[in-house]
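Trainee: I would like to learn how to read contacts, helix packing and sheet pairing from a model. Where do we begin?

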Amino acid sequence: MKPHEWFVEHRVDYAAGILEADDAAAFEAHLAGCEACRQEIARIEADLAWLPMGAPPVPPRPGLRRRIVEHVLDGRRRVPAWAAPAALAASLLLALGVGWMAQGQRASLRRELAVERARVAALEDTLSVMRQAGRVLYADLEMGGARGALVIFADEKTHRWSVVVHGLPPAPGGERYQFWFITEDGMVRGAQVPASEDRPMMFTTGMPERGGSVMGAALTVEPAGADDGPPRGKQLAHLML
Amino acid sequence: MARDEQALVELVDLATPWLLGITQAMLQDRDEAEEVVMETFRTVWQNVTPVGAGPTGLMPYLLRVARHRAIDRLRSRRRRARMLAAAAGEWTGASAAPVEPDEAGRPGWQVHTRVHAALDALPPDQRAAVDLAYFGGLTQSEIAARLGIPLGTVKTRLRLAFARLRTSLAGLKDWVV
């Protein structure tokens, strides 16, 4: 039997899902009778809610959307016999999603509006940086015979950059493109840059928290798995403010 | 197509790349990641109530369900004593490049960059522990074995890292409303 202090000490571990299976099971048993731990776990989960989005998005393969929708709707048709099917189906439909918390068409319209607002907000944010940029930096890129460019719109008021990379082929197998800040204290890792010759890659970034003043930026192609330390790969572009 | 079915399609379009991102990073298996994502949508569709998504919104709920299901799969693998063999030397890290291009216009991209910035701000040893534990799905003892460091050191690094991440990420808002 573990003391309560053990559970207090391991709340974050449990919320992050990194406990060993036995400890996780003990924690779950403890939660059934401990309101304080339940509340704190809820707070931790809320704080870390977006952490999974640290993993880069993976575009779905063709046909996956259709398979998901069919899988979901097929499950809906198999609602338990104990429920009144029509009422349950209606309630499930109405309940799905924060954007659908109201009723019927109004809820669905709110959700559609929310999706569009999110898209517009992301684009407006990027455009606002470009519009307010006090400096625009440009460098040619060449990779595997393909030619492209790195463009940085630097908004010095908000200390944010919109970065555009175009014309680069997808990184060779086992490698990836890495954006760097050149700071007083050396190179500080920025975003990774997925690339396609078909369309430009854009992202908006703030300045790094460490490294001192930012003096410039660079783009390299790094070996996959080299997630820390200085650049090891070939430098494709180098820009100084 | 019914309006709610259309809404489901839009939600799938919006959330699937991010759900695949975390599940594929953890499972290192595209087919299995797709299965987890399908199960996640079905679970949410069947179980979410107006308050079921919790105070943080729908997208964190989807992410949490997907990640927990991926953890379940990893535990199942461990029971078959295959986990370490599958992970050894193959896992490419939380920040592995996406398979296809992306852009700032994708809903959620700003959240991704904010989370990445928070991860990048961690000291390298803490970042490595978080990558292996949170995005790689390894247990603390597996991380200790893999990095060749004491279990207590792993626990300390993770505790410090998650404390920093809580502070860094607490202000993020749900972009799916």
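Mentor: Not counting residues up to four places away in sequence, B:A161 touches B:L122, B:Q126, B:A129 and B:V130. Keep in mind that this is a predicted model.

Trainee: Does B:A161 count as buried or exposed?

Mentor: Count neighbours; 20 or more other C-beta atoms within 10 Å make a residue buried. B:A161 has 25 C-beta neighbours inside 10 Å and therefore counts as buried.

Trainee: At what angle do helix 7 and helix 8 of chain B pack?

Mentor: Take the angle between the axes, then their separation. For helix 7 (residues 140-147) of chain B and helix 8 (residues 151-169) of chain B, the angle is about 115° and the axes are 8 Å apart. Angles of 65 to 115 degrees count as roughly perpendicular, so these two helices of chain B are roughly perpendicular to each other. The crossing of helix 7 of chain B past helix 8 of chain B is right-handed.

Trainee: Which residues make the contact?

Mentor: Helix 7 of chain B contributes B:Q140, B:S141, B:I143 and B:A144, and helix 8 of chain B contributes B:L151, B:V154, B:K155 and B:L158. By class, the residues of this contact are five nonpolar, two polar and one charged.

Trainee: Now the sheet. In what order do the strands of chain A lie?

Mentor: Read the order across the sheet, then the sense of pairing. In chain A, four strands form an open sheet in the order 1-2-3-6, with antiparallel pairing. Strand 1 and strand 6 (201-206) of chain A are at the edges with a single partner strand each, so one side of each has no neighbour in the sheet. From one strand to the next, the twist averages 15°.

Trainee: How many bridges join the strands, and which residues are partners?

Mentor: Strand 1 (residues 135-143) and strand 2 (residues 146-155) of chain A pair antiparallel over nine bridges; A:D140 has A:A149 in strand 2 of chain A as its bridge partner. Strand 3 (residues 160-166) of chain A is joined to strand 6 of chain A by six bridges, also antiparallel, and A:V163 has the bridge partner A:F203 in strand 6 of chain A.

Trainee: What phi does A:G144 take in the hairpin?

Mentor: The hairpin of strand 1 and strand 2 of chain A has two residues between the strands, and A:G144 takes a positive phi near 55° there.

How values were computed:
Residues numbered from 1 in each chain as written. Chains lettered and ligands numbered in written order. Predicted model: local features only at pLDDT ≥ 70, side-chain atom pairs only at ≥ 80, totals over all residues. Axes fitted to C-alpha atoms, helices over the stretch in contact; angles between N-to-C directions. Parallel < 35°, antiparallel > 145°, perpendicular 65-115°, else oblique. Left-handed = near helix turned anticlockwise from the far one by under 90°. Contact = placed C-beta atoms within 7 Å. Nonpolar A, V, L, I, M, F, W, Y, C, P; charged D, E, K, R; others polar. Pairing = 2+ DSSP bridges. Buried ≥ 20, exposed ≤ 12 C-beta atoms within 10 Å, placed from the backbone.
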